Amino acid sequence: MSDQPTRTPYEYAIIRAVPRVERGEQINVGVVLYSQRRDFLAARTHLHEARLLALDPHADLDSIRAALKAWEITCAGGVDGGAARAMKQGERFRWMVAPRSTILQAGPVHMGLAEDPGSELDRLVELLVR
């Protein structure tokens, strides 16, 4: 047996804010990551307000912040998770990354390997969002 840490597969999608859906302009505002083998599902978000307001000076920042918080709560699956709390993690992930025409949308799903999904999620947020 090896003492090497085990890297396991994960899936992730970038969460994008599209303040004016008809224009299609977007900024990255978070990442949602799912690892079935590690029993891990979480979203980390960061709203860069100046970037968003450059796309839409009338964007409702409070509503967008609340919606981003809802992504994090839905991943956690607790009592505040709404109807999604009854879903298994994989079902919640698939539901969250399904295409939709709303202000917050998930980009394409990508895959990777990591020893620690939480640390990998933090790394992806720094790389792709901040």
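A residue is treated here as buried when its relative accessible area is under 20%, as exposed when that area is over 50%, and as partly exposed in between (1.4 Å probe, protein chains only). The model is a predicted one, in which local features need pLDDT of at least 70 and side-chain atom pairs count only at pLDDT 80 or more, whereas totals for chains, interfaces and linings use all residues. Residues are numbered from 1 along each chain as its sequence is written, and side-chain values use heavy atoms, with hydrogens and water left out.

Helices (H or I, at least four residues) and strands (E, at least two) are DSSP runs numbered from the N terminus. In helix α4 (residues 117-128), the buried residues are P117, G118, E120, L121, L124 and V125. These residues cover an arc of only 160° around the axis, the arc being that of the directions from the helix axis to the C-beta atoms, and they therefore lie on the same side of α4. The cover over the buried residues of α4 includes β1 (8-17), β2 (27-35), β3 (40-45) and β5 (110-114), where contact means heavy atoms within 4.5 Å. The expected span of a helix is 1.5 Å times one less than its number of residues; for the twelve residues of α4 this gives 16 Å, in agreement with the 16 Å that separates its end C-alpha atoms.

A salt bridge is defined as a side-chain nitrogen of Lys or Arg within 4 Å of a carboxyl oxygen of Asp or Glu, and by this rule the count comes to nine. One of them joins the side chains of E11 and R94, with an N to O distance of 2.9 Å. Because E11 lies in strand β1 and R94 in helix α3, this pair ties together parts that are 83 residues apart in sequence. From C-alpha to C-alpha, R94 and L127 are 23 Å apart in space and 33 residues apart in sequence.

A further salt bridge is formed by R65 and E49, whose closest N and O atoms are 2.6 Å apart. This pair links distant parts of the chain, 16 residues apart, with R65 in helix α2 (residues 61-76) and E49 in helix α1 (residues 49-55). R65 is partly exposed at 35% relative accessibility, and E49 is likewise partly exposed, at 33%. Salt bridges that share partners join E49, D62 and R65 into one network. The side chains of R130 and E126 also meet in a salt bridge (2.9 Å, N to O), and R130 is partly exposed, with a relative accessible area of 47%.
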